[in-house]
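This report describes selected features of a predicted model. The sequence and structure are shown first.

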Amino acid sequence: MESIWQKSIKLPEFPRLSGSMNTDVLIIGGGIAGILTAYFLKQSGLDCVLVEKGRICQGTTSHTTAKITYQHGLVYHKLLNSSGLEAAQKYLAANRLAFENYEELCKNIDCDYEIKDNYVYSVSDRQKLENEIHALDIIGYKAQLCAKIPLPFSVAGAVKFPSQAQFHPLKFIAAIAEKLPIYENTFVKEMCGNIAITDFGCITAKTVIVTTHFPFINKHGSYFLKLYQHRSYVLALENAQNICGMYVDESKTGYSFRNFKNYLLLGGGAHRTGKKGGNWSELRQFASTHYPNAQEYCHWAAQDCMSLDEIPYIGQYSSKTAQLFTATGFNKWGMTDAMISALLLCDMVQGKENDFSDVFSPSRSILKPQLFVNSFEAVTNLLTFTKKRCPHLGCALKWNKAEHSWDCACHGSRFDENGRVLDNPANGN
C-alpha cells in the first residue's frame, strides 16, 4: 500500500546504531518533524543524533497529501472563541513563519513545490464560513469568501487563502536528510533518565526530543488523555479533474482534493481509529459517480494525532521534564506543524526565547470537551471483553476489515493480522 510519494522516490539509507555514544541532543522519531528538528539543530552548530525504529518517513510523513498552508480548516474562529485574540494571532503568525521557511528551503530543492490557492469549503453551512471570515478580520488576515469552487458538487461556499503551496514531501526529505546524523532500524526500547536503551547500544544525551507521532513515554504528560488518532484515506486518480488548487471540507468526514502532476489526490472516508468509517470504498463510490472515466493509480491511508483544542503540543514533555521535549498532535496539518516544531524546539533546546512557546505548550489546560470524549472511549474499551488487547494500556482491539488490522480505539495503536505493531503508541507486538 505505497503512497504516490513512495512510488516515485527512494529515500537515502542510514546505518543501524552499533555501540554506545554520547550526544548533546537525541531526537527519537524519524518523520518530518524529527528530521527538520535535526536539520535546524545542525544548522545552529549543535551536536545531535536522530534514531528511527525502522526507515525514516515511512509513517504519516509518506502518507500525507502534502499541503503547506496556514489555513487549517475553520480553526481561527474556534481559537478566537476558546483561546482569545493573542493566541489566535500567534497561531497564525507561527504558521506563516513555517510557510516562509518552506518557501526559502524549497528554492534550492527539486521537490515539485508549487504555489496554489487553498480553500476550505462547506457543503451546507455558509454561516460557519462567514464566522471564519469575521474571525480572520479581527485577527488581522484578509481572506476571501467564495460562492463557487471548481468541484463536481454544489457547496455553500468556501474560505480562500491565496498563494499557499504543495510539494513532494519525500523529495524534500531526501534533500535535507542526506547529511544528517541518522540511525535507522534503531529501536529505543526504554528510557532511563537521559539514556536511551537500544538493542545495539545506549545513547546518553543532555536533551531528548520525542517526535514519534504519538509520544511513547506514558509516565509524563498524560498524552493518553490529551490525544486520540484519526484515520483518513486517499486515492490517486488518473484521467480525473485538474482542480487548480487545494480543497478540504470543513467537516472531518468530508473530502479533500489536490493535484500532483497528472493525478488527482482524493482524500476522505475518515474515522476515529478503531471505529467504523467509509475508507477507500467511500472514495471509490465518489470517484465512480463524479469521475467515471478515472482510473485508480494507487491508494493509501494516513493516521493523525488529534489534540484536545486543535493546537499541537510542542515543547517540554511535561512541566516536570526540563530536558525532555516533544512535538505531537498535528491535527492533520503536519507539514506546517512539523516546521513550527523544528523552529520552536531548536530555540528551546538552546535556551532562547520564542514568542510562540506559550500557545503550543503541552502543559496548557486540558479541560476541553474532547477530554471527556477521550476518557469515555478509554473506559469503554478497557471494560470491553476480548482476548485481543493493546499492550499500550490494555484497551480492547477491534478488527479493521478494510485494512486487515487490529485497531485500538483508545489511543490509535494498530497491529497486523499476526499481532505485529503497525502504529504507535504501542511499542510492542
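## The largest cavity

The residues lining the largest cavity comprise six nonpolar, one polar and no charged. In this classification, Ala, Val, Leu, Ile, Met, Phe, Trp, Tyr, Cys and Pro count as nonpolar, Asp, Glu, Lys and Arg as charged, and the others, Gly among them, as polar. The lining is formed by Ala94, Leu97, Ile340, Leu343, Leu344, Asn354 and Phe356. A cavity is a set of points on a 1 Å grid over the protein atoms alone where a 1.4 Å probe fits but cannot get out, and lining residues have an atom within 4 Å of a point.

Helices H4 and H9 each contribute at least two lining residues, and H9 gives the most, with three. The space in this cavity amounts to about 50 Å³, and the search of the whole structure finds one cavity of 30 Å³ or more.

## Basis of the values

Residues are numbered from 1 along each chain as its sequence is written, and side-chain values use heavy atoms, with hydrogens and water left out. Because the model is predicted, local features need pLDDT of at least 70 and side-chain atom pairs count only at pLDDT 80 or more, whereas totals for chains, interfaces and linings use all residues.

## Nonpolar core

The largest nonpolar core has 86 residues, and those with the most contacts inside it are Leu36, Tyr102, Phe172, Ile173 and Phe360. Such a core is a set of buried Ala, Val, Leu, Ile, Met, Phe, Trp, Tyr and Cys residues joined through side-chain atoms within 4.5 Å. Helix H9 (residues 334-349) supplies the largest share of this core, 10 residues.

## Helix H6

Seven of the nine residues of helix H6 (residues 169-177) are buried, so the helix is largely enclosed by the rest of the structure. Buried means under 20% relative accessible area, exposed over 50%, and partly exposed in between (1.4 Å probe, protein chains only). The buried residues of H6 include Phe172 and Ile173; as a group, the buried residues of this helix pack against helices H1 (4-8), H2 (32-43) and H4 (85-106) and strand E7 (182-183).

Leaving aside residues up to four places away in sequence, Phe172 touches Ile32, Leu36, Tyr102, Leu105, Cys106, Ile109, Cys111 and Phe167. Contact means heavy atoms within 4.5 Å.

## Backbone features

A cis peptide bond, with omega about 25°, joins Asn424 and Pro425. Pro425 is in the segment after strand E21 (421-423); helices (H or I, at least four residues) and strands (E, at least two) are DSSP runs, numbered from the N terminus.

Note on methods: On a 1 Å grid over the protein atoms alone, a cavity is a set of points where a 1.4 Å probe fits but cannot get out, and a pocket is an open set with protein on both sides within 12 Å along at least five of seven lines; lining residues have an atom within 4 Å of a point. Grid points are joined across faces, edges and corners, and a volume is the space filled by probe spheres set on the points.
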